[in-house]
Amino acid sequence: MGELLIFVTLVALGFVVGSIVERKHFASIRERESALLELPTIATDELDPARVVEESTLVVGVAVIAVDYFKVVAASVASFFGCRITAYETLLDRARRESILRMKAQAQGYDIIINTRLETSALGSERNERNKIYSVECFAYGTAVRYASLR
Amino acid sequence: MKIIKKLPREQINHGDDSPGRQFLILGACLLVLAVGVYYAAGTVISRAVLYVPQNLEHRLFSRFGLHPELARNNQQSPHAQAVLDRLAKATPEISLSLRIVVISDSISNAMALPGGMIVITDKLLQDVQSENELAMVLAHELGHFTLRHHLRRVSRLLLLPALTTVLFGDASTTGLVSRSSTLFELSYSRAEESAADSFALDTLNRAYGHVAGATEFFQRNASLDSQALGGKYSSSHPLSTERVRAIDLQIRQKGYKCGNLTALPPSQ
C-alpha cells in the first residue's frame with residue numbers, strides 16, 4: 001500500500017510542478033523569440049548575393065531538459081495504446097526552441113545564421129530498473145554570418 | 001531569396017491536448033482492461049484447474065520438495081501419517097498416496113501443497129488433544145486437496161505476476177501490484193475453507209464412525225482470533241467461532257453422532 005501511495009504522490013508532484021515549470025519556460029521562450037526575431041535563421045546556405053561576407057563563425061546552442069515522473073508514466077500508458085505522447089511533445093518543443101534561442105544569443109552582432117541544423121538525443125540515467133529517468137538534449141548549430149556594412 | 005521574420009505558430013508541434021487529460025482517460029481504459037483480463041483469466045483458470053487429475057498433479061509436482069531451510073528442521077510423524085492414511089482410505093476420491101511432513105514453527109498450521117504433500121507444524125501436533133482433533137485438521141487439508149483448492153490458489157497467485165509482467169514488460173512492478181491484491185485473494189479463500197470444513201466433517205465420520213473432536217480444536221483457537229488485526233477481514237480462515245457454528249449446524253443436519261475420543265499415543 002505504501003508503494004502505491006509513493007507512486008501516486010510522485011506522479012501528482014511531477015504533474016503539478018512539471019506543468020508550472022513548463023508554462024514558465026514557454027513564456028520565457030516566447031519572450032525571447034520576439035526579442036530575437038530580427039536575427040534570421042535559415043536551414044540553407046543561401047547568402048545575399050548583393051553583399052559581401054565580412055565574417056562568419058560557428059554558433060552553437062545546447063539545451064538539456066529533464067523528464068519528470070508524470071511524463072514517464074503518461075508515456076508508458078500512451079505507448080500501450082500507440083497514441084501520440086503529448087507529454088513528450090511539449091518537452092521536445094521546449095528543448096528545440098530553447099537551443100535555437102541560445103544559438104541565436106551566441107550570434108549577437110551577426111546578420112544571419114545559415115545552415116542551421118538540429119540534433120536531439122536522450123540522455124539516460126538508470127536510477128533503478130523500473131524508473132529510467134531520461135533527459136532530452138537538443139543541440140542547434142549553424143554558421144553566423146556578418147556582411148560588410150553597406151557604404 | 002526574401003527572408004520573412006515570423007514567430008513560430010504554437011499549436012502545431014505540440015497541439016493543445018492536455019497531457020493530464022490524456023493520461024487519465026488512457027489510464028482508466030488500461031485499468032478497466034487489466035481488471036477485466038484478470039477476472040476473466042481467473043475464472044477460466046479456476047474452472048480449468050478442477051479438471052487436473054490427481055495423477056497428473058502428482059507427475060508435475062511430486063519432484064517439488066520443501067525449501068532447504070524448512071527441510072533441515074523436518075521430522076517424521078508416523079502417527080500423523082497413519083491418521084492421514086486412515087482418512088485417505090475412507091475417501092474414495094483420493095487415488096494418490098499422500099505424505100505428511102512436519103516442520104517446526106511457533107504457530108499451529110497445516111497446509112496442502114501441490115503434489116500430495118501435507119505440511120503441518122510441530123506446534124499443531126502439540127496443540128491437538130486427541131487423535132480425532134488431529135484427524136479433523138488433516139481431513140480439512142484433505143478437503144482442500146480433493147477439491148483442488150491448493151492448485152487454484154497457486155495458479156491465482158501466479159496469474160497476477162504473469163499479467164503484470166506482460167503488461168509492463170518487466171518483473172519489478174509485481175511487488176507493488178501483488179501486495180494491493182492480497183485482500184481479494186483472502187476473501188476468495190474463505191468460501192474454500194468452508195467447503196473444506198464440510199468435506200472434513202464427512203470424512204471424519206466415514207473414517208471413525210463418529211464426529212467427536214470435530215470442533216474442539218477450533219473452539220480452543222477462538223480466543224486467538226480476537227487478537228488478530230483486522231479481525232474478520234484480514235484472516236484467511238473464517239473466524240473460529242463461525243467455523244464451529246457452521247460445523248455444529250452440519251452435524252445436526254446430517255445426524256452425525258458423537259462417540260469416544262481416541263487418545264493420542266504417549267510420545268506426542
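This is a predicted model: local features need pLDDT of at least 70, side-chain atom pairs count only at pLDDT 80 or more; totals for chains, interfaces and linings use all residues.
The side chains of A:Glu98 and A:Arg102 meet in a salt bridge with an N to O distance of 2.8 Å, and both residues lie in helix α3 of chain A, four residues apart, which is about one turn of the helix.

Salt bridges that share partners also join A:Glu22, A:Asp68, A:Lys71 and A:Arg94 into one network. Within this group, the closest N and O atoms of the salt bridge between A:Glu22 and A:Arg94 are 3.4 Å apart. Because A:Glu22 lies in helix α1 (residues 2-35) of chain A and A:Arg94 in helix α3 (residues 86-106), this pair ties together parts that are 72 residues apart in sequence. A:Glu22 is buried, with a relative accessible area of 11%, and A:Arg94 is likewise buried at 7%. A further salt bridge links the side chains of A:Glu89 and A:Arg84 at 3.3 Å, N to O, and here A:Arg84 is partly exposed, with a relative accessible area of 42%.

## The layout of chain A

Chain A contains three helices and three strands, which follow the pattern α-β-α-α-β-β along the sequence. Of its 151 residues, 38% count as buried. Among the contacts in chain A with a separation of 6 or more, 79% are between residues 24 or more positions apart.

## Where chain B meets chain A

Chain B and chain A bury about 2800 Å² between them, with 67% of that area on carbon and sulfur atoms, and the contact takes 25 residues from chain B and 33 residues from chain A. One salt bridge is found across this interface, in which the side chains of B:Lys5 and A:Glu38 meet at 3.4 Å, N to O.

On the side of chain B that touches chain A, α1 (10-14), α2 (19-49) and α9 (174-180) of chain B each supply at least two residues, and α2(B) gives the most, with nine residues. The residues of this side divide into 12 nonpolar, seven polar and six charged.

## An enclosed helix in chain B

Helix α7 of chain B, formed by residues 131-146, reaches 22 Å from its first C-alpha to its last. Since 16 of its 16 residues are buried, α7(B) is largely enclosed by the rest of the structure. Just after this helix, B:Arg148 takes a positive phi of about 60°.

Definitions and conventions: Residues are numbered from 1 along each chain as its sequence is written. Chains are lettered from A and ligands numbered from 1 in the order in which they are written. Side-chain values use heavy atoms; hydrogens and water are left out. The expected span of a helix is 1.5 Å times one less than its number of residues. Buried means under 20% relative accessible area, exposed over 50%, partly exposed in between (1.4 Å probe, protein chains only). Contact means heavy atoms within 4.5 Å. Buried area is the accessible area (1.4 Å probe) that two parts lose on being put together, summed over both. A salt bridge is a side-chain nitrogen of Lys or Arg within 4 Å of a carboxyl oxygen of Asp or Glu. Ala, Val, Leu, Ile, Met, Phe, Trp, Tyr, Cys and Pro count as nonpolar, Asp, Glu, Lys and Arg as charged, and the others, Gly among them, as polar.
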